[in-house]
Amino acid sequence: MEGDGGLAAGIPARLTPAEGRKFGLLVGAAFLGVAGFLYWRGKETAPVVLGGLGGLLVLAGAVIPGRLGPVYRAWMGLAHLLSKVTTPIFMGIMYFVVITPMGVLRRAFGGSPLEAKVDDGGVWARRTDGHGSMTRQF
């Protein structure tokens with residue numbers, strides 16, 4: 001993670017109390033929300049674990065927000081690792097599900113966008129006097 005200029009380079013060494021409070025309350029509330037949803041869905045173990053983590057983060061964010069630096073760095077490191085995995089997957093899905101079918105349809109119905117059309121009023125002109133070839137450039 002060091003030296004790649006990505007997310008890890010922007011993680012501060014120390015958190016201000018305001019940043020720690022914001023992080024603890026926000027992530028803790030998210031954990032509590034997920035725990036509540038899982039409890040509502042009838043799960044047994046996951047709501048207890050996530051609820052405990054969420055409660056600890058909310059409590060730490062309210063009481064000792066300046067001491068959440070290591071937790072914040074670990075959280076952001078995990079986010080950086082997840083982005084290394086999910087970004088190529090998402091981009092691959094976009095390429096094969098969106099861009100490739102559009103290209104196939106374009107070829108099937110409209111030809112290549114690089115081909116110059118004579119009657120489209122563009123700036124390209126077809127040459128018939130033999131200068132269109134690259135064999136005799138001068």
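In helix α3 the buried residues are G69, Y72, M76, G77 and H80.

Visitor: What elements does the protein have, from the N terminus on?

Guide: This is a predicted model. The protein has three helices and zero strands. From the N terminus on, the elements run α-α-α.

Visitor: How do the rings of F23 and Y72 pair, and at what angle between the planes?

Guide: The count of aromatic pairs comes to four. In the pair of F23 and Y72, the rings lie 5.1 Å centre to centre. Planes over 60 degrees apart count as edge-to-face. The F23 and Y72 pair is edge-to-face, with an angle of 85°.

Visitor: How many residues apart in sequence are the parts that this pair ties together?

Guide: Both F23 and Y72 are buried. F23 lies in helix α1 and Y72 in helix α3, so the pair ties together parts whose separation in sequence is 49 residues.

Visitor: Why is the pair of F37 and W40 tilted?

Guide: F37 and W40 both lie in helix α1, three residues apart, about one turn of the helix. Their ring centres are 5.8 Å apart. The planes stand at 45°, so the pair counts as tilted.

Visitor: Where does helix α3 bend?

Guide: Helix α3 covers residues 69–110. The bend is about 35°. The residue at the bend is Y95.

Visitor: What is the area of the nonpolar surface patch that includes Y95?

Guide: Among the residues that make the patch are V85, F90, M94, Y95, F96 and M102. M94 lies in helix α3. At 33% relative accessibility, M94 counts as partly exposed. The patch has an area of about 1200 Å².

Visitor: Which residue follows α3?

Guide: The phi of this residue is positive, near 80°. The residue is G111.

Visitor: What part of the accessible surface of the protein belongs to carbon and sulfur atoms?

Guide: Of the 138 residues, 19% count as buried. The accessible surface comes to about 11100 Å². The part that belongs to carbon and sulfur atoms is 67%.

Methods
Residues numbered from 1 in each chain as written. Predicted model: local features only at pLDDT ≥ 70, side-chain atom pairs only at ≥ 80, totals over all residues. Heavy atoms only, no water. Bend = angle between axes of the 7 residues up to and from the residue. Helix = DSSP H or I, 4+ residues; strand = E, 2+ residues; numbered from the N terminus. Buried < 20%, exposed > 50% of the residue type's maximum accessible area, 1.4 Å probe, protein only. Patch = residues over 30% accessible without salt bridge, like charges linked within 9 Å, V, L, I, M, F, W, Y side chains within 5 Å. Areas by Shrake-Rupley, 256 points an atom, 1.4 Å probe, with all protein chains shown as cover. Salt bridge = Lys/Arg side-chain N within 4 Å of Asp/Glu carboxyl O. Phe/Tyr/Trp six-rings, centres within 6.5 Å; stacked < 30°, edge-to-face > 60°.
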